[in-house]
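Please keep the structure in view while reading.

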Amino acid sequence: FYFAACKKNNDAPTISTSIDSLNFINAYSIPFNIYLNGTRLNGNSNLTAGGSSGYYTVPSGIQTYQVKKVFDPSTSIVQTLFSYSPNLTPHHYYSLFVSGATDSSAFVIQDNLPLGDTTSGKCQVRFVNASPDAGSLDFSIGGVKYSNQPFKAGSDFGHVDTAALSPIILFKAGTTDTLISGHYPLLQGYIYTFYAKGSLTGTGNSALGIGVTVNAQ
């Protein structure tokens, strides 16, 4: 939004813009690119499956983002998958998740980043469910559990002990039914978002998996 303040002495109006910081996360199975009101944001590198862009400074309020496939040299076409127009409150951090090929697959979560946290031996972690068909999920990392997250929802950031190999487990919510297990190195002072992506019935890049992005370090 733009605001102009008129002065009686006929000086030029002062114009200011409210801004946000927006991180794009590819929880889909194919690479794509992000455009803001028709202008590509992510430079010369495609946003790969499971990748994230880092924070871009964007205008607040309602803006139109387009998610487009990468350029197809055989047809000389850049195909638009969908447009998405979230309404962002000024001066906040956000993450925009894309988990499929339609606008119903996209969602925004506000990132309440605990910046400047230097608690010894700790990092900050949250969990987001970006899997369209997995149902509500529980997630555990380093013994800390994030419970009952439905699609398009996420937990708050919370402290987790750092470790060279911290155990991670993804469950069906409210059960001991392990869907995915593994390990991930956690570093002191870092802020992480772990997210479920893909489909229970998918294969390859479409299979159910766990992605991670570093929000700050």
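Two strands count as paired if DSSP finds at least two bridges between them. In this predicted model, seven bridges join strand β18, residues 163-172, to β19, and the two strands run antiparallel.

- Four strands form an open sheet in the order β15-β14-β18-β19, and their pairing is antiparallel.
- The edges are held by β15 (144-149) and β19 (178-186); each has a single partner strand, so one side of each is left without a neighbour in the sheet.
- On average, neighbouring strands of this sheet are turned by 15° against each other, direction ignored.
- In general, strands of a sheet pair through backbone hydrogen bonds, either parallel or antiparallel.

**The hairpin of β18 and β19**
- Ser166 stands opposite Tyr184, a residue in β19.
- Five residues lie between the strands of this hairpin, and Gly174 takes a positive phi near 75°.

**Positive phi in residues other than glycine**
- Ser76 has a phi near 60°, a positive value in a residue other than glycine.
- Ser76 belongs to the loop between β8 (65-69) and β9 (80-84).
- The relative accessibility of Ser76 is 55%, so Ser76 counts as exposed, the cut-off being over 50%.
- His91 is not a glycine, yet its phi is positive, at about 65°.
- The loop between β10 (87-88) and β11 (93-98) contains His91.
- His91 also counts as exposed, because its relative accessibility is 61%.

Terms used. Residues are numbered from 1 along each chain as its sequence is written. This is a predicted model: local features need pLDDT of at least 70, side-chain atom pairs count only at pLDDT 80 or more; totals for chains, interfaces and linings use all residues. Side-chain values use heavy atoms; hydrogens and water are left out. Axes are lines fitted to C-alpha atoms, for helices over the stretch in contact, and angles run from 0 to 180 degrees between N-to-C directions. Buried means under 20% relative accessible area, exposed over 50%, partly exposed in between (1.4 Å probe, protein chains only).
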